[in-house]
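Please look over the model below before reading on.

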Amino acid sequence: EFEELRKRNPEEVRHSLYLLNCYLESGRFEDFKNLLETCFKEFQSYLLSEDELKKVREEQEEIRKQYAEDPKKEEELKQLHNKIKKNDTVKHAVIQLNFLEIDLYIIQDELDKVKDALKTVEQMKLTGSSLSFRIGNLYLKLKEFEKAEDSFKTLLRFDPEDHIAHDGLA
C-alpha cells in the first residue's frame, strides 16, 4: 500500500520513511538500500539552498510589513510560510534517512559506517532532544563514551530532569 502511495506522491516524505522502516524490519535490505538511495537524492532536491531559504525569509518579512497595511497579502504570507515549513520537514526527513541508514549498519554490524553516518548527522548542526538522545545511544553502542556523554549533556540542556539522559550519563 505504501509503495503505491509513494509512487503517486514521492514528495510526501512520510510514505517513504514508513516504507523504509517496513523494508528494514522485514529484512528486505536490497529494497531498503535502493529506496534509501533514491530518497536521499529526492529529498535533497526538495531542500532549498541556504541562499534560497534566506531569500524566502526576507520576502516573508517584507510581506509581513505590507500585511499590516494590506490584509490581502495574507495568502502570499501563507504560501511563504508553507514553503519554509516544507523545507524544515524535508530537512528532518533527511535526518531520519541518516538514522535509518545507521540502523542498517548496526544490523549488519558495520560499525565503521555507523561512525561515518553519525558524522554526517552531526555536520547538519540540528538541535533537539530526540536527536541528542539517539546520537548519545549510538555513541554508547560504539563505546565512544566521551561523545555519548556530550550528547546526553546536550539533552539535559533541553530538560534537566530527563531521567534517560541521567541514565545515559551513569
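The sections below go through selected parts of this structure.

## Basis of the report

This is a predicted model: local features need pLDDT of at least 70, side-chain atom pairs count only at pLDDT 80 or more, and totals for chains, interfaces and linings use all residues. Residues are numbered from 1 along each chain as its sequence is written, and side-chain values use heavy atoms, with hydrogens and water left out.

## Helix H6

Which residues of H6 are buried? They are Val114, Ala117, Leu118 and Val121. These residues cover an arc of only 105° around the axis, so they sit on the same side of H6. The arc is taken from the directions from the helix axis to the C-beta atoms. An α-helix has 3.6 residues a turn, so residues three or four places apart point the same way. The face of H6 turned away from the buried side carries the exposed residues Asp112 and Gln123. Buried means under 20% relative accessible area, exposed over 50%, and partly exposed in between (1.4 Å probe, protein chains only).

## Leu104 in H5

Leu104 belongs to helix H5, residues 74-107. It counts as buried because its relative accessibility is 3%. Leu104 touches Leu24, Phe29, Phe32 and Lys33, leaving aside residues up to four places away in sequence. Contact means heavy atoms within 4.5 Å. Lys33 is 71 residues from Leu104 along the chain, yet their C-alpha atoms are separated by 8.9 Å.

## Salt bridges

The structure holds 10 salt bridges. Each needs a side-chain nitrogen of Lys or Arg within 4 Å of a carboxyl oxygen of Asp or Glu. One of them joins Arg28 and Asp31, at 2.7 Å from N to O. Arg28 is partly exposed at 38% relative accessibility. Asp31 is also partly exposed, at 30%.

Asp103 and Arg134 meet in another salt bridge, at 3.5 Å from N to O. Asp103 lies in H5 and Arg134 in helix H7 (residues 129-141), so the pair ties together parts 31 residues apart in sequence. Both partners are partly exposed: Asp103 has a relative accessible area of 25%, and Arg134 has 27%.

Glu144 forms a salt bridge with Lys115, with the closest N and O atoms 3.6 Å apart. Glu144 is in the loop between H7 and helix H8 (145-158), Lys115 is in H6, and the two are 29 residues apart. Lys115 is partly exposed, at 31% relative accessibility. A network of salt bridges links Lys115, Glu144 and Lys147.

## A charge over a ring

What sits over the ring of Tyr46? It is the charged end of Lys86, 5.6 Å from the ring centre. This arrangement requires NZ of Lys or CZ of Arg within 6 Å of the ring centre and within 35 degrees of the ring normal.

## Ser151 in H8

Ser151 is found in helix H8. Is Ser151 buried or exposed? Ser151 is buried, with a relative accessible area of 9%. Beyond residues up to four places away in sequence, Ser151 touches Ser132, Ile135, Gly136 and Tyr139.

Terms used: Helices (H or I, at least four residues) and strands (E, at least two) are DSSP runs, numbered from the N terminus.
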